[in-house]
Structure formats: C-alpha cells, structure tokens
Amino acid sequence: MALIPTHRPRRNRKSEVIRNMVQETTLSVHDFIYPVFLIEGENKTIEVTSMPGIQRFTADRLLDEIGQCVDLGIKSFAPFPSIDDRLKDRLAQESHNPDGLYTRTIAQIKKAFPDVVIMSDVAMDPYSSDGHDGIVDPDSGEILNDATLEVLGQMALAQARAGADIIGPSDMMDGRVAWIRDVLDRNAFSHVSIMSYTAKYASAFYGPFRDALGSAPKKGDKKSYQMNPANRREALRELVLDEQEGADMVMIKPALSYLDVIREVRNHTQLPVTAYNVSGEYAMVKAAAQNGWVDGERTMMEVLMSIKRAGADAILTYFAKEAAQVLRRG
Ligand code: PBG
C-alpha cells in the first residue's frame with residue numbers, strides 16, 4: 001500500500017492569500033539606493049551601451065530623473081561621475097575640487113530635493129589618470145595605501161561640504177573608514193554617515209560600470225586591494241575592522257555571486273547590511289531578456305528578492321526605477 005504523506009508543506013502554498021500570509025521576505029521601494037551616472041554638459045543623456053535602459057545624465061537631466069524617481073518613492077541615490085580625461089591626474093586632484101562636476105551636482109540635487117539622501121562615492125578611479133582607486137607609485141606600480149588616505153579624506157570632506165548624507169568609500173584601502181570618520185568629525189560633519197564597501201571583491205562584474213565612466217585601470221588589475229572572490233572569512237575580518245573604525249552601515253559587492261557572504265555578514269553584525277547589485281549583474285539580466293531567453297521583469301524581481309532574503313537591508317541597484325514601477329503596479 002502506498003504511504004500517504006503526513007506532512008504537506010503545499011497547504012501553505014494553496015492560495016495567493018495564504019502564500020502572501022506566510023511570505024518571509026518583502027521588497028519595498030524603501031530598500032533601493034539608485035546608482036546614477038553623471039556627465040558634464042547640458043540637456044544631454046547618453047545611454048550606456050552595455051547597460052540597456054541606463055543613461056549618463058548631465059546635471060539638469062539628472063534632476064529630472066531624480067524627480068521622476070522621487071514620484072515613484074525612490075529617495076536614495078548614489079551618483080558616480082564620468083570625468084573628462086583632461087581633468088584626470090595621478091593624484092586625482094579633481095576629486096576634491098569644490099566646484100567640480102560631482103560636488104556641484106550633489107549641492108544642486110540637495111537644493112532641489114532636500115529630503116533625498118545622497119550617498120557619495122569615495123575612490124580615486126573616476127579622477128585618476130591611472131584608473132586606479134589609489135595612488136600608483138610611478139616606479140613600482142604599487143598602490144600606495146597611506147598616501148591615498150590623504151586624498152580620500154579630502155574627497156570625503158568636499159562631498160560632505162556639498163551636502164552628501166552618506167559617504168561611501170569604495171576604494172578598499174586599509175584604514176580608510178577611521179581616516180574619513182576622523183576628517184569628518186574634526187570638520188563639524190559628525191552627522192554625516194559612512195557606508196563602507198566592507199567586502200568588495202575583485203570582480204569581472206564591474207565591466208559595464210567601467211565602460212560607463214571610462215574608469216578602467218590603465219595597467220594591471222585591482223587585486224592588491226579588492227578581495228579575492230574565493231574568500232569568505234576575509235569578509236568577516238573586514239567587517240570587524242569597519243565596525244571598529246566606525247562604519248554606520250556595511251556593504252557587500254557584488255551581490256549575486258556573493259549571497260553567502262551577505263548572509264555571513266548579516267549573521268555577524270548588528271549594523272545595517274547593504275548589497276550592491278552591480279553593473280554586470282544588471283547587464284546579464286537585460287541581455288538575456290532582450291534575447292527572449294528569460295522574462296526580464298520576473299527575473300529582476302527574483303534577483304532583488306534573493307538579495308534581501310540573503311540578509312541585505314538595502315540594495316544598490318540599477319533596477320531601482322523599473323522595480324519601483326513594478327511594485328507600484330502591485
Ligand atoms: C570603483 C567602483 C567600481 C564600481 C563602483 N565603484 C568599479 C571598480 O571597482 O572598478 C562598480 C559598480 C558596478 O559595477 O555597478 N571605485
């Protein structure tokens with residue numbers, strides 16, 4: 001005689017109402033931080049070829065875009081600048097120019113939308129003639145950690161002065177969270193937060209982002225500062241240091257190939273955990289959807305849900321606007 005099952009998990013899936021009742025993870029527009037690309041000029045947008053649907057905006061057009069996002073409920077933005085090659089040098093001096101494209105635009109956004117939260121990026125690569133996040137020693141090619149801290153501190157300060165709410169060091173230099181915290185505190189910016197890129201891996205998934213900003217390294221790779229994709233325990237070491245150094249929030253980047261790291265970090269900290277659903281992750285979904293190989297909208301929502309389920313409280317994602325539209329539709 002066939003055995004009749006005594007346990008029937010399917011009972012909890014038998015109708016949409018019951019499925020909704022027992023749903024463990026939810027996604028909301030409040031979870032999204034929208035990374036946006038900024039270019040010099042006026043009234044212009046240029047699509048990023050490898051990121052269909054994503055534009056680089058001049059400041060005026062970015063304000064329009066932010067306005068549309070705010071109407072959809074997205075209130076947090078992470079701008080990244082595309083800097084003219086002529087303004088780049090080995091010390092990334094443009095990165096702390098108070099009248100530079102980035103700082104000027106941050107101030108404009110905060111003026112137009114005082115409630116919007118701006119998370120600014122601290123790393124030298126968009127302004128570095130070497131395309132690295134730190135200072136390159138011209139003789140040895142080494143990335144000079146402690147000299148770079150000086151630049152990062154000045155950059156963070158310029159961004160705080162422009163009105164940034166959260167400073168996001170994405171450079172992976174040792175000691176930068178403590179350094180930036182100290183610079184901010186000594187300059188009356190103790191209210192400005194730090195979201196550390198705690199575990200940022202040396203990933204192939206950043207390709208489209210580097211296309212968008214023209215920020216790829218001229219020589220070598222970023223493996224002497226970004227983490228080895230093979231390592232999980234090392235993420236916990238970075239977490240401990242960032243906590244000690246005063247980070248307010250921690251981030252894992254990329255997200256999808258690192259869901260285990262997100263969960264591990266979630267289980268080891270009381271701080272908010274965020275994850276960066278990076279450019280290559282966006283591009284893969286878009287490319288497959290354009291070919292009709294996956295349902296783009298369902299895949300997008302599943303990707304975002306999986307990042308939350310892994311343990312992220314918030315997600316930096318290029319899908320923010322599209323996902324907000326889906327959520328609004330219900
Ligand atoms: C560099 C930086 C990168 C990204 C954000 N900040 C790329 C890199 O480290 O080369 C990538 C984001 C993305 O791929 O969406 N400071």
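View 1. Which residue does UniProt list for "binding site" in an unreviewed entry? UniProt lists Glu238 there; its positions are given in the numbering used here, feature names are shortened, and annotations may be inferred rather than shown by experiment. The model is predicted: local features need pLDDT of at least 70, side-chain atom pairs count only at pLDDT 80 or more, and totals for chains, interfaces and linings use all residues. Residues are numbered from 1 along each chain as its sequence is written, and side-chain values use heavy atoms, with hydrogens and water left out. Glu238 lies in helix H7, residues 233-245 (helices, H or I, of at least four residues and strands, E, of at least two are DSSP runs numbered from the N terminus). Glu238 counts as buried because its relative accessible area is 15% (buried means under 20%, exposed over 50%, and partly exposed in between, with a 1.4 Å probe and protein chains only). Beyond its neighbours within four places in sequence, Glu238 is in contact with Met172, Thr198 and Met227 (contact means heavy atoms within 4.5 Å).

View 2. The ligand is surrounded by 17 residues, and the closest are Arg210, Lys222, Lys253, Ser279 and Tyr318 (a residue is near a molecule or strand if one of its heavy atoms lies within 4 Å of it). A polar side-chain atom of Arg210 is 2.6 Å from an oxygen atom of the ligand. From an N or O atom in the side chain of Gln226 to a ligand oxygen atom the distance is 2.8 Å. Asp133 has a polar side-chain atom 3.2 Å from a nitrogen atom of the ligand. (A polar contact is a pair of N or O atoms within 3.5 Å; within protein, one must be able to donate a hydrogen and the other to accept it, and residues adjacent in sequence count only if both atoms are side-chain atoms.) On its own the ligand has 400 Å² of accessible area, and the protein covers 100% of this (Shrake-Rupley method, 1.4 Å probe; for residues, only the protein chains shown count as cover).

**View 3. Ser215 in a loop.** Ser215 sits in the loop between helix H6 (207-213) and H7. Its relative accessible area is 0%, so Ser215 is buried. Leaving out neighbours within four places in sequence, its contacts are Asp125, Pro126, Gly131, Phe209 and Arg210. Ser215 and Pro126 are 89 residues apart along the chain, yet their C-alpha atoms are separated by 5.3 Å.

**View 4. Strand S12 and its partners.** In a regular strand the side chains alternate between the two faces of the sheet. In strand S12 (residues 314-317), Ala314 and Leu316 are on one side and Ile315 and Thr317 on the other, and all are buried. Strand S1 (residues 32-39) runs parallel to S12 and is joined to it by two bridges (strands pair if DSSP finds at least two bridges between them). Ile33 has Leu316 as its bridge partner in S12. Strand S11 (residues 273-277) also runs parallel to S12, with four bridges joining them. There, Ala275 is bridged to Ile315.

**View 5. Ala158 in helix H4.** Ala158 belongs to helix H4, residues 145-162. With a relative accessible area of 11%, Ala158 is buried. Apart from neighbours within four places in sequence, Ala158 is in contact with His96 and Thr103.
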